[in-house]
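Here's a quick briefing to keep beside the viewer.

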Amino acid sequence: MQRVMVAMAEDIPQDTMKAVEVLGRRLVLVNVRGSLYALADRCTHAGAALSGGTLDGYVLKCPVHGAMFDVRTGEVHHPKKNTYGLPVGGPASGPVGTYEVQVDDGEVFIVV
Ligand code: FES
């Protein structure tokens, strides 16, 4: 495990996102209500950069086909069910990877 400094916390204001690269991996840092989360910046549907999507609370919506992910867990977010009772949350079926975030003296670290 490695701890890598990736940004200053002040560069990620509340309810915004920032794409970063960590040891060759592209991640997106998300600030929701003052807490930071880190996810792989690659939608599990067709690989779009999630950092270009939109944030609504803890839900990050892919800019391409609208899959939704919970930034706290990376799981696909299913806000509704269709007429057959199956969850509807966009075309992604698998979660995106998440990473541990640590903040020390205003510096943001990712554990990879
Ligand atoms: S690439 Fe994200 S929903 Fe299709």
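A residue counts as buried if 20 or more other C-beta atoms lie within 10 Å of its own, as exposed if 12 or fewer do, and as partly exposed in between, with C-beta atoms placed from the backbone. Keep in mind that this is a predicted model: local features need pLDDT of at least 70, side-chain atom pairs count only at pLDDT 80 or more, and totals for chains, interfaces and linings use all residues. Residues are numbered from 1 along each chain as its sequence is written.

**Overall picture**

- The protein has 11 strands and zero helices; both are DSSP runs numbered from the N terminus, with helices being H or I of at least four residues and strands being E of at least two.
- Going along the sequence, the pattern reads β-β-β-β-β-β-β-β-β-β-β.
- The radius of gyration is 14 Å, close to the 13 Å that the globule rule gives for 112 residues, so the protein is as compact as a globular protein of that length. For this, the radius is taken over C-alpha atoms, and the rule is 2.2 Å times the number of residues to the power 0.38.
- Along its principal axes, the C-alpha trace spans about 50 × 25 × 20 Å.
- Buried residues make up 27% of the 112 residues.
- Of the contacts with a separation of 6 or more, 41% are between residues 24 or more positions apart; a contact here means C-beta atoms, placed from the backbone, within 7 Å.

- Six strands make an open sheet in the order 1-11-10-4-3-2, with antiparallel pairing. Two strands pair if DSSP finds at least two bridges between them.
- At the edges are strand 1 (3-8) and strand 2 (16-22), each of which pairs on one side only.
- From one strand to the next, the twist averages 30°. The axes behind that value are lines fitted to C-alpha atoms (for helices, over the stretch in contact), and angles run from 0 to 180 degrees between N-to-C directions.
- Strand 2 pairs with strand 3 (residues 25-32) in the antiparallel sense over seven bridges. Among the bridge partners, Ala19 goes with Val28 and Thr16 with Asn31.
- Strand 3 also pairs with strand 4 in the antiparallel sense, over six bridges, and Leu29 stands opposite Ala38 in strand 4.
- Strand 4 and strand 10 (residues 98-104) pair antiparallel over two bridges. Here Ala38 faces Tyr99 in strand 10.
- Strand 10 and strand 11 run antiparallel and are joined by five bridges, with Val103 standing opposite Val108 in strand 11.

**Hairpin turns in that sheet**

- Strands 2 and 3 form a hairpin with two residues between them, and Leu23 in the turn has a positive phi of about 50°.
- In the hairpin of strand 3 and strand 4, two residues again separate the strands, and Arg33 in the turn has a positive phi of about 50°.
- Two residues also lie between strand 10 and strand 11 in their hairpin, where Asp105 takes a positive phi near 50°.

- An open sheet of three strands has the order 5-6-7 and antiparallel pairing.
- Strand 5 (54-56) and strand 7 stand at the edges with a single partner strand each, so one side of each has no neighbour in the sheet.
- Neighbouring strands of this sheet are turned by 25° against each other on average, direction ignored.
- Strand 5 and strand 6 (residues 59-61) run antiparallel and share three bridges; Asp56 has Val59 in strand 6 as its bridge partner.

**The nonpolar core**

- The largest nonpolar core has 23 residues, and Val30 and Leu39 touch the most other members. Such a core is a set of buried Ala, Val, Leu, Ile, Met, Phe, Trp, Tyr and Cys residues joined through C-beta atoms within 7 Å.
- Strand 3, strand 4 (35-40), strand 7 (68-70) and strand 11 (107-111) each give two or more residues to this core. Strand 3 gives the most, with four residues.
- Leaving aside neighbours within four places in sequence, Leu39 is in contact with residues including Leu27, Val30, Leu50, Val71 and Val96.

**The chain end**

- Val112 is found in the segment after strand 11.
- Is Val112 buried, exposed or partly exposed? It counts as partly exposed because it has 16 C-beta neighbours inside 10 Å.
- Not counting residues up to four places away in sequence, Val112 touches Gln2, Val4, Val22, Leu23, Arg25 and Tyr99.
- The C-alpha atoms of Val112 and Val76 are separated by 22 Å, with the two residues 36 apart along the chain.

Note on methods
Contact = placed C-beta atoms within 7 Å.
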